[in-house]
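Student: Please take a close look at one part of this model, the place where the two chains meet. Then follow the description into the chains themselves.

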Amino acid sequence: MSVGTFGDYGGQYVPEALMPAVEELADAYERYVLENEDGFVDELRRHLRDFGGRPTPLQRAAALSERYGHDVYLKREDLLHGGAHKLNNALGQVLLAQYMGKERIVAETGAGQHGTATAMACAYLDVDCEIYMGRTDINRQRPNVFRMRTHDAAVNAVDAGSGTLKEAINATLRDWATNVEDTHYVIGSVVGPHPFPSMVRDFQAVISEEAREQAIEQIGDLPEAVVACAGGGSNTMGSFANFLEDESVALYAVEAGGDAITVEEETGVAPHSASLSAGEDGVLHGARTKLLQTEEGQVVESHSVSAGLDYAGVGPELAHLVDQGRVEPVHVDDDAALTAFHRLSQDEGIIPALESSHAIAYLEDADFDGPVVVTLSGRGDKDLDTVIEESERRDVAAAPSMGVFTE
Amino acid sequence: MGERAIRAAFEGGPALVPYVVAGDPDPEATEAYVEALVRGGADVVELGLPFSEPIADGPTIESGIRRALDAGMTPSRYLDLVADLDVDVPIVTMTYYNLLFRYGDGDVEPFVADAAAAGVDGLIVPDLPVEESGPLREACEQHDLALVFIVAPTTTEDRIERIVEQASGFVYVQARLGTTGARADVSEQTYESLDRLPDADVPTAVGFGVSSGEQARAIVAGGADGVVAGSVFVDIVASGENVADRLERTAADIKAGATEASSASSVSEPERT
């Protein structure tokens, strides 16, 4: 029977060679993460505090609050060590792999943030690490490639398909299937076969655990809404997990609208990555979920100016929460995200990741009255090359001119 | 045809199950290639229905899948191609779950029904473990199609039992960890897997890395009822040179190795390479 399902979604659709590893991991997840066997959770929390820098602040953004006429609070995951929320999960999984006696870590990465976080956690906990990354993403995320190498992780370029996250996941699954006996695959989001979607959510839930407490302490009440960007959905699920029971809190998953919400049937390309908004039910990378695909079920190449959101699937639990009406999927396009990037940089002195810029951009479309928490999932230093190039090309209104320096 | 036809194909001695990707490089070529494989001694033909994310396949077959997709292969065209095939051996469709799932808009029965009508005799779906296979197994039973499951070197004893119990047609024994791809040797894992399989009434075929008569001989001597070979044939298709002839000769070579082992194994302990 299916295990690890969320309504119609989830499950374990993996090759037989991986099933024992997936079952072993599910068992380890139950024992160490859910039951705190051998003090796993305590040790993880200690590392997150001492090495990671948790808790991260919940900061009132003065300029944004004034601009929108309601309080905007930023959950500053960009201040976590490494500059992104990804460390919560990477540290959790690498530590779990150690508890399981695995000697080698493999991981995929899109924007490079998950790869960087995994390489960092492996260096810290002294485990061998190998990262798969699409060629296109390597070219648009050079700083993170160098950071991974700096932590002594091997970085393998994946040339198949469009050379983005989906291909990197395929390559990592193959490596895992070959070396499953001594290797753990640190999946970077709430995707993949059970127990990954639940386990990654639990590791990321610290975001909303802190944000909820901080909101009550700083605002004196729960926020009206929580807004988080959604690619695979780990930041989203982490930001929402502890608010799911709070029915007064609206939850918005902001997807990458790219250039337009369409699929070009001829080329098989979706110029966006909004699988919650525009996907159809399907099975990819170990789970049943919402997918960008053709009528026939071939998975299409997605697009976003943000490499970290550029994925044709999404976490199964998020798909279920959308079907239930608990989470509202919305999307903003590349131009809006770029504009939001510049606005936050200029008005608040924070350079946001392009992923997070989507969540910030949604404030422009939304109609809130009360305080709103927006998760700033990561910092945008890694995106500067892309932002400068794309802002000039698209003539983004809020962008400062860089021409005098780049010519 | 159907499930029984596949079992029957294993009854006349060790079976050769070659694999090619449908539509690589185009549907007409596939028809000719399948005929060539049958002339070379194929007992069952495994015909790939290409999916954009072939996570269980290695680079050789993935390239074949890309060529077929680029040439416009779709599930409907695939079924037309099978219906047009003029061969006398069972056809097993190897594909990934999403294509079957989407074909019936979330229901796998329509694909199975249309596949049976087109002349498909069985399915191999490598990203579908027994735990998730309920709906597909039911549809296959209803339309008398075999649903072949894979046993991997990592498969635990209790999983082997579950798999053998639910498999039909044959059990696909994965020769080694990793993905598909031609190799020169026979992994020790192959023998271990074969030894671990209980005496079930479902025949066994070993695949993943099989590319020569010599390997086939060792595998059959090790107790398998047949061999599956894929990448070696997809490589020949990719080369584009004398493809049909070379497919036929390579199939004949592998088949001869398998047959030789079967006539020898009754008198001597299998020699392991």
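Tutor: Four salt bridges are counted between chain B and chain A in this predicted model. One of them pairs the side chains of A:Lys166 and B:Glu53, with 2.6 Å from N to O. Polar contacts across the interface of chain B and chain A amount to 20 residue pairs, with both residues at pLDDT 80 or more. On the side of chain B that touches chain A, the elements giving two or more residues are helix 3 (59–70), helix 5 (97–103), strand 5 (146–151) and helix 8 (157–166) of chain B. Helix 5 of chain B supplies the largest share of that side, five residues. Sorted by class, the side of chain B that touches chain A holds 18 nonpolar, nine polar and nine charged residues. In total, 36 residues from chain B and 36 residues from chain A take part in the contact. The area buried between chain B and chain A is about 3000 Å², with 52% of it on carbon and sulfur atoms.

In helix 4 (residues 75–84) of chain B, the residues B:Pro75, B:Tyr78, B:Leu79, B:Leu81 and B:Val82 are buried. They lie on the same side of helix 4 of chain B because they cover an arc of only 155 degrees around the axis. In general, an α-helix has 3.6 residues a turn, so residues three or four places apart point the same way.

Strand 2 of chain B contains B:Val45. B:Val45 counts as buried because its relative accessibility is 0%, and the cut-off for buried is under 20%. Apart from neighbours within four places in sequence, B:Val45 is in contact with B:Pro18, B:Val34, B:Val38, B:Val89, B:Pro90, B:Ile91 and B:Val92. Of these contacts, B:Pro18 is 27 residues from B:Val45 in sequence, and the C-alpha to C-alpha distance is 5.5 Å.

In chain A, helix 15 (residues 354–365) includes A:Glu355. A:Glu355 counts as buried, at 5% relative accessibility. The side chains of A:Glu355 and A:Lys382 are joined by a polar contact of 3.0 Å. Not counting residues up to four places away in sequence, A:Glu355 touches A:Ala111, A:Gln113, A:Cys229, A:Ser306, A:Gly308, A:Leu309, A:Ser377, A:Lys382 and A:Asp383.

Terms used:
Residues numbered from 1 in each chain as written. Chains lettered and ligands numbered in written order. Predicted model: local features only at pLDDT ≥ 70, side-chain atom pairs only at ≥ 80, totals over all residues. Heavy atoms only, no water. Contact = heavy atoms within 4.5 Å. Buried area = accessible area lost by both parts, 1.4 Å probe. Polar contact = N/O pair within 3.5 Å; in protein donor to acceptor, adjacent residues only side chain to side chain. Helix = DSSP H or I, 4+ residues; strand = E, 2+ residues; numbered from the N terminus. Nonpolar A, V, L, I, M, F, W, Y, C, P; charged D, E, K, R; others polar. Buried < 20%, exposed > 50% of the residue type's maximum accessible area, 1.4 Å probe, protein only. Arc of directions from axis to C-beta.
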